[in-house]
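Subject: Structure handover

Hello,

Here is the structure I promised to pass on. Please open it alongside this email.

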Amino acid sequence: MKSYILCFLVLFCIGSKLFAYELVGFVFDSTSRKPLVGATIRLEGTNFGSLTNKDGKFVLSKVPKGKYTLIVSYVGYQTSRSTVYVPSRDTLVFYMLPRLIETNELVVSASKKLQTVQEVPVSVAFVGQEIFSRKNYVRLDEALRFVSGVVVNKDNINIRGSSGFSFGVGSRVSYLIDGVPMLSGDNADAKYDIVPPEAIANVEIVKGAGSSLYGSSAIGGVINVITKEPGENVSYSIKLQSGIYTKPKYKQWIYTDKLTTKSVIEGFLSENFGLFKLLLSGNFVKDESYRQFDKSTRFNIFGKITKELKNYGKATLLVFFSSDKRNDWVYWNSLDSATQPPTGTDLSRYLVSDKGNVSFLHKFIVSTQTFADFKSSLYYTSLDNKLNPKNPEYRQSKAFSFNNELQLNTHFGDNTLVSYGVNYQRNWVESNIYGKHKQNLFSLFSQVEFSKFYNSTITIGGRFDVEKSDSSKQYLEFSPKFGLNYLLSESNSIRFSIGRGFRSPSLAERFATIKYSGFEVVPNYDLRSEYSWSTEFGALCEFKRFIIPFLVDFSLFYSYFNDLIEPSYKIIQAKPLIRFENISKARILGFEISFKTNLFNQIPFFVGFTYLDPKDLRENKILKYRSKYTLISSVTLPYRFLSFTFDFRYISKIQRLDDMLSLQVKDYDAIVPIYVVDVNLNFDLMHFKLPFTVNLSVQNLFDYYYVEMVGNLAPTRLVSLRLQYTK
Amino acid sequence: MRKFFILVFLLLLSCQEGLDPTTESFIQGKLIVLSGRWPPPDSALELRVVGFREYPPQDLLNEILSGNAFISDTLARFLDTIPYILKIEKPPAEINYLVAALRYGTILQWRVIGVYSEEMTFERKPKKIIVPKGIVLKDIDILIDFNNLPKQPFE
C-alpha cells in the first residue's frame with residue numbers, strides 16, 4: 001500500500017513539470033449560428049476532452065505540444081474532424097451540420113476511454129437525458145426497460161439473458177456511476193434510485209462480458225451512468241409531478257375506494273463558484289402504490305463538485321445519500337388477490353434502506369504520452385426492518401464497499417494506446433443475517449489498442465483478480481479479451497469480440513442465514529465464482545432509401561456460462577431450505593437487430609428485436625426465468641411546441657420457472673407475455689418564451705396485467721402530470 | 001404499409017389481455033366436526049383443504065409441484081363448523097380426492113382429518129367432483145370425525 005501511495009505521488013510530481021498549452025474554440029449550428037451547448041470535444045488518441053458551455057465555448061487545458069486530430073460531436077449533428085497544431089494562437093470555430101439521424105454517439109464504457117460507437121468492438125446502447133426529460137421516470141430502471149436486449153426483473157437487470165431470478169442478490173451486470181463501481185458490499189446488488197434523473201447526462205449499456213476491464217460482476221454487461229458536468233453559469237430547475245393509479249378492471253383487485261397517488265418533487269442546481277463548480281440535485285418520491293400495504297417514501301440528494309487544478313488535472317468529488325422507507329412483503333396473496341399481501345402479513349412492518357457514497361475522481365497528466373485516472377470511493381448501504389431483534393424475521397445489515405483504482409493510459413506513437421492499472425476493493429458487512437465478514441479483491445489489468453491498422457482497431461487485454469473472503473478459499477481469476485473493429489466508412493463498421501466475465505459470490509450469497517416470508521436461507525462457505533465467455537459479431541450500417549436515412553445495428557452473440565450461482569432448494573428434515581450453489585452450466589445463443597430512422601426528417605422511430613435461445617446444459621432444458629423474444633419500439637411525433645411519444649415493449653412469456661417456488665408462492669406460475677405501451681405528451685412552453693415544460697404521461701396505457709418477478713403484479717396504469725421550471 | 005398497420009393493431013389488441021383472476025373456478029363449503037375433539041394447538045398448526053386430481057395421490061410434494069393438487073388458504077381451527085373456499089386453477093378439472101388436512105409438524109407433516117365422501121368408513125371412498133370453468137360449486141361439505149380419522153394417503 002505504501003509503495004502504491006509513493007508511486008502515486010511521484011506521478012503527481014512528474015505531471016506538474018510539463019510544458020502544456022490551451023486550446024480554445026467555439027461550436028455553432030451552421031444554419032442558425034446559435035451556440036451549441038454540451039457539444040463534445042476530444043483529441044483523437046488522447047484522453048483530452050471537454051464540453052462546450054452555454055456560449056458554445058470550450059477550453060482544452062494542459063495539452064502538450066504536437067499535431068492532433070480534433071473531433072467535435074453533438075447529438076443530431078455530423079461529427080467534425082480536423083487537424084490542429086498545439087500551440088495555436090487561433091481560436092477554433094466549428095459550424096456543425098445537422099444530421100438527419102444520430103449515428104456518432106460517444107461511449108466511454110466499452111474500453112474505459114472516449115470513442116464513437118463505430119469504433120467499439122462490442123454492442124452499446126444509450127439512454128440519453130432527453131428520455132428522462134420527456135418521460136415521467138423517477139428511477140433509472142424505468143428507462144432501462146426500453147433498451148433493446150435488457151429485461152428488468154424487479155431490481156435485477158438482465159442483459160441478453162445473463163440473469164434470471166436471484167432474490168435480488170448478486171448482480172450479473174457491473175453498475176457504475178461516472179465509472180465508479182456501485183454494487184453494495186453485502187448483496188452486490190445495484191440500487192437504481194440513487195441518482196436523481198435530472199443529474200443524469202447519459203447512460204451507457206455495454207452488452208456482453210466485460211470483466212477484462214471491470215472485474216467481478218461484469219459477466220453479462222456494464223451499465224455506466226454518466227452524470228452531468230456542472231456548468232460555467234448558474235442554472236437550476238424544479239420539477240413537480242403527481243400521478244394516480246387508475247382502478248384495476250377486476251373487482252377482486254380493488255382494495256380501496258380511494259385513488260392512490262405517486263408524487264415527486266425534484267430539484268437541480270448547477271453553479272460556478274469560481275473556486276469550484278457545483279452540481280446539486282435531489283428528489284422526494286411518495287408512492288401510495290397500486291397494491292395494498294406497499295407504500296413507500298424515498299428521498300435522495302446527489303452532489304458533484306469539480307475543480308480544474310492548475311497543474312494537476314481535474315478533480316471531482318461525488319457525494320450522495322438516499323433513504324427509503326417501504327412496507328415489507330415479497331409475494332402476493334394469490335392471483336385472485338394480487339394487489340394484497342399474504343394473509344397474516346404484519347401490516348405494521350416496514351423496511352428502511354439507506355445508501356450513501358463519497359467518491360473522489362482525479363484525471364491528470366503524467367507525461368506527454370501518459371494520462372492517469374484515479375478513482376476512490378466508499379459506498380455504504382444499510383437495511384433494517386425495525387423488528388424486535390429477538391423476532392426470527394428480524395433483518396438488519398450494514399455494509400461498505402471501498403474501491404480504489406488507478407488507470408494509466410500511455411500512447412506509443414499515433415496508433416498504439418496501452419491502458420493499464422490496478423484496483424483494490426474491500427467489502428465488509430455487519431449484519432444479523434449475513435454475520436460479520438469481509439471480502440478483498442485485488443486486480444491488475446492491461447489493454448493494448450492498435451488503431452488505424454488497415455482501417456481497423458484491434459484491442460487485446462486481460463485482467464487478473466484475486467478474491468478472498470474470510471472463511472473461504474482464495475480464488476484467482478484471469479479474464480482476457482480480444483476485440484476487432486473494422487471501419488468501412490465513418491458511419492459503417494463491423495466488429496468482433498470475445499471475452500471472459502466472472503462474478504465473485506457476494507457476501508450475502510456465501511454467508512446468508514435468513515428466515516423471511518416463509519423462506520429459510522442457509523450459508524455455503526464453499527461457493528466459488530461463476531464465469532462466462534461471450535463472443536459477438538456485429539455490424540453497424542447507415543444507409544438511405546427514398547431519401548430517408550436508416551441506421552441498422554445487428555449482432556450475433558454466443559455466451560457460455562459455468563458454475564452459475566443460483567438458489568437451490570433442498571428439503572432437509574422436512575423443511576425447505578435455500579442455499580446458493582454453483583449449479584448451472586448454460587449457453588445462450590442469440591441475435592439482436594435494431595433499426596433507427598427519422599421519418600420525414602422529424603419523426604424519430606426506433607425498433608429493436610432480440611432473440612435468445614437460452615439452454616441449461618446440465619438439465620438439457622430451457623434456462624429458467626428467461627424470455628426468448630423481446631421487442632422494443634419508440635416513435636416521437638413533434639408538432640410545433642408539442643411532442644407525442646409512443647413506446648411499446650414486448651417480452652415473450654418466461655418458459656420455465658423453479659417449481660419449488662410453489663411451496664411458498666401461490667399462483668407462482670401466473671406468467672404471461674408482456675405487452676406494455678407508454679405514451680407521453682410533452683408541451684414545451686419555451687416556444688412561448690416561458691421557462692416551463694409540461695408533460696402528461698400514461699405508463700401502461702392499456703392497463704395490461706403482468707408480472708416481472710413471480711408472485712408480484714407489475715405496476716398498473718399510472719397517469720401523471722409534470723410541471724418543470726428551468727432557468 | 002397496410003401489413004404494418006395490421007401488425008400494430010394486433011399488438012395493441014394483445015395489450016388488453018394479460019393476467020386475469022376471473023378464469024378460475026371455486027369449490028365452496030364447510031368443514032363440519034361430527035364428533036371428537038381438536039388436537040392440542042401444538043399439534044394443530046395449520047388447517048387447509050386440499051383437492052387432488054388423482055386418487056390415490058402420490059407423495060404430497062410431487063402432487064403440488066406437478067399442479068395436480070389445489071390448496072386452500074389457511075383456515076380457522078378449533079371450531080365445529082369452518083367455511084372454506086378452494087380455488088381451482090385452469091378449470092375444467094376433475095377432483096377425485098378432496099380432503100381437510102391438518103399440519104401437525106414441519107411444512108411437510110400433514111394429517112388428513114376429513115374426506116369428501118359418501119360414507120364415514122375408515123376407507124372413506126372419495127366422491128368425484130367435476131369443476132366446470134368459471135363456476136363456484138357450493139355446499140361441498142367435508143365431515144370430520146376426530147374419533148374415527150380416515151385412512152392416511154401417504155402412509
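Predicted model: local features only at pLDDT ≥ 70, side-chain atom pairs only at ≥ 80, totals over all residues.

**Chain B**

Start with chain B. Of its 155 residues, 25% count as buried. Chain B has two helices and ten strands. Along the sequence, the pattern is α-β-β-α-β-β-β-β-β-β-β-β.

**Where the chains meet**

Chain A gives 23 residues to the contact, and chain B gives 18 residues. On the chain B side, two elements give two or more residues each: α1 (2-14) and α2 (60-65) of chain B. By class, that side of chain B has eight nonpolar, seven polar and three charged residues.

**Two cores**

Which residues have the most contacts inside the largest nonpolar core? They are A:Val124, A:Ile205, A:Ile223 and A:Val225, in a core of 91 residues. Take A:Val225 as a place to look. Beyond its neighbours within four places in sequence, A:Val225 is in contact with A:Leu140, A:Leu176, A:Ile177, A:Val195, A:Ile200 and A:Val203.

**Two open sheets in chain A**

One open sheet in chain A has four strands, in the order β3-β2-β5-β6, with antiparallel pairing. Its edges are β3 (49-51) and β6 (80-86) of chain A. Each of these has a single partner strand, so one side of each is left without a neighbour in the sheet. Neighbouring strands here are turned by 25° against each other on average, direction ignored. Inside this sheet, β2 (residues 40-43) and β5 (residues 66-73) of chain A pair in the antiparallel sense over four bridges. A:Arg42 stands opposite A:Ile71 in β5(A).

The other open sheet has three strands in the order β4-β1-β7 (chain A), and its pairing is mixed. At its edges are β4 (57-63) and β7 (92-96) of chain A, each pairing on one side only. Neighbouring strands of this sheet are turned by 25° on average, direction ignored. Strand β1 (residues 21-29) of chain A runs antiparallel to β4(A), and five bridges join them. A:Gly25 stands opposite A:Phe58 in β4(A).

**A hairpin**

Next, look at strand β11 (residues 150-153) of chain A. Is each face of β11(A) covered or uncovered? Both are covered. A:Val150 and A:Val152 are buried on one side, and A:Val151 and A:Asn153 are buried on the other. β11(A) pairs with strand β12 (residues 156-159) of chain A in the antiparallel sense, over four bridges. A:Val151 has A:Asn158 as its bridge partner in β12(A). The hairpin of β11(A) and β12(A) has two residues between the strands. In that hairpin, A:Lys154 takes a positive phi near 55°.

Now see strand β40 (residues 692-699) of chain A. Which residues make up its covered face? They are A:Thr693, A:Asn695, A:Ser697 and A:Gln699. The uncovered face holds A:Phe692, A:Val694, A:Leu696 and A:Val698.

Strand β39 (residues 674-684) of chain A runs antiparallel to β40(A), joined by six bridges. A:Val679 has A:Val698 as its bridge partner in β40(A). β40(A) also pairs with strand β43 (residues 718-726) of chain A, in the antiparallel sense, over eight bridges. A:Thr693 stands opposite A:Gln724 in β43(A).

**A:Ser720**

Strand β43 of chain A also holds A:Ser720. Why does A:Ser720 count as buried? A residue is buried if 20 or more other C-beta atoms lie within 10 Å of its own. A:Ser720 has 22 other C-beta atoms within 10 Å, so A:Ser720 is buried.

A:Ser720 and A:Ser242 are 478 residues apart along the chain, with their C-alpha atoms separated by 5.4 Å. Leaving aside neighbours within four places in sequence, A:Ser720 is in contact with A:Asn136, A:Gln241, A:Ser242, A:Gly243, A:Lys262 and A:Ser697. One of these, A:Ser697, is also on the covered face of β40(A).

Best wishes

How values were computed:
Residues numbered from 1 in each chain as written. Chains lettered and ligands numbered in written order. Contact = placed C-beta atoms within 7 Å. Nonpolar A, V, L, I, M, F, W, Y, C, P; charged D, E, K, R; others polar. Pairing = 2+ DSSP bridges. Axes fitted to C-alpha atoms, helices over the stretch in contact; angles between N-to-C directions. Core = buried A, V, L, I, M, F, W, Y, C linked by C-beta atoms within 7 Å. Buried ≥ 20, exposed ≤ 12 C-beta atoms within 10 Å, placed from the backbone.
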